[in-house]
Amino acid sequence: MELPVWFEVGSLIVLVLILIGDLLLILKRPHIPSTKESTLWVMFYVTLALIFAGLMWYFAGGEYAGQFIAGWLTEYSLSIDNLFVFVLIMNQFAVPRRHQQEVLMVGIIIALVLRGIFILLGAAIIENFLPIFYVFGAFLIWTAWRQAFPGAAHEDEIKKESFIVRMLRRRVDISEHFDGAKVRTTVAGQRMFTPMIIVFVAIGMTELLFALDSIPAIFGITTNPFIVFTANIFALMGLRQLYFLLGGLLDRLKYLHYGIAFILAFIGVKLIFHAMHENELPFINGGQHITWVPDISTWMSLGVIITSMVVATVASLIASSRERRAAPAGAAAASPVEAAEEVAEHKGTPPTVDGPWVFPGRPAGAAGGASGRGTAGTVVS
């Protein structure tokens, strides 16, 4: 069975309309969502994804539905990984909380555009060069190792991203204060950018790095571009609300990166097995298929993904509970920003820019400005 064309086109139209409606809602009513509101939105998007999987099962069979669920869960877990970096970026640039929804929505749109480009490129490469699965598999295994055992591997990336941000600051006139969620503002009769442009660049660079990891991962589950793209859409749609919902819980997910690393390593091995099973390279087995290599099924992949995330989450919560009980009475708990910094350090995730935000020519610690020191409502919690 194949997915009907009308189903694919209709689904994309509906999803785009939902995203547009979500964006308009944010622009019309910028606010800090409550825990109840965030929970209801996350439940809505999760339910929507499950309904979509059910429709795929009805119209095209269980294999397609299984591929979507496995791909969606993989991308969702990797998207949760993004939240740790989002916390750092929001704090680093002191983005007012009531405008963080707009920033997150722009980040999601940037992510969808970048992932859409990578999906089209990946599908075209796979169509014409099947051995690319060897490359994808090796890349995911290396990424998994870097995720589980970070070292100095990301120093060059950190310097590169810092250089991009510094170049933008030097070449573009940027005001000292945010003007709501605006990117452009007028100061003393002169039009210039607000610090929000730097925030968007930082998020865009971060999303580029995450896209490089996530797209090869989902191609290890399915090569259907429609499933790959819709799984990414559903994984990103509830990310904005999940950011506010998790809040202080981020510090309790200390083993999440191990679960994600295991998933990436598993998919990397699966990709290499698939490449060997469909081998076309003349210097490997004489260009013949390696039939004895197992071809891991979609449902086995789904089981591994779910088990990995459950084990990582439960282990994190148990360890966090023990640490809280063992902590001396009156000891201050780590803030979400400190937790994000610790997790990002363990995962090797680059912070995108160096140090606190200070404009060229403005001494550190100066009052006011975009550094956000003393600005009310800027602490992420």
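## Chatting through a helical chain

Me: Hi! How much of the protein chain is buried?
Reply: Buried residues account for 50% of the 381 residues in the protein chain. Keep in mind that this is a predicted model.

Me: Thanks! And how many helices and strands does the protein chain have?
Reply: There are twelve helices and two strands. Going from the N terminus, the order is α-α-α-α-α-α-β-β-α-α-α-α-α-α.

Me: Let's zoom in on H2. How far does it reach?
Reply: Helix H2 covers residues 35-60, which is 26 residues, and spans 37 Å from its first C-alpha to its last. That is close to the 38 Å expected at 1.5 Å a residue.

Me: Which residues are buried in H2?
Reply: Ser38, Val42, Tyr45, Ala49, Phe52, Ala53, Met56 and Ala60. In an α-helix there are 3.6 residues a turn, so residues three or four places apart point the same way.

Me: What do the buried residues of H2 pack against?
Reply: They pack against helices H1 (5-28), H3 (62-92), H8 (225-237) and H9 (239-246).

Me: And what comes just after H2?
Reply: Gly61, which takes a positive phi of about 105 degrees.

Me: New topic: why is H9 largely enclosed by the rest of the structure?
Reply: Because seven of its eight residues are buried. Those are Leu239, Arg240, Gln241, Leu242, Tyr243, Phe244 and Leu246.

Me: What covers the buried residues of H9?
Reply: The cover includes H1, H2, H3, H4 (100-128) and H8.

Me: Last one: what is the accessible surface of the protein chain?
Reply: About 17800 Å², and 67% of that belongs to carbon and sulfur atoms.

Conventions:
Residues are numbered from 1 along each chain as its sequence is written. This is a predicted model: local features need pLDDT of at least 70, side-chain atom pairs count only at pLDDT 80 or more; totals for chains, interfaces and linings use all residues. Side-chain values use heavy atoms; hydrogens and water are left out. Helices (H or I, at least four residues) and strands (E, at least two) are DSSP runs, numbered from the N terminus. The expected span of a helix is 1.5 Å times one less than its number of residues. Buried means under 20% relative accessible area, exposed over 50%, partly exposed in between (1.4 Å probe, protein chains only). Contact means heavy atoms within 4.5 Å. Accessible areas come from the Shrake-Rupley method with a 1.4 Å probe; for residues, only the protein chains shown count as cover.
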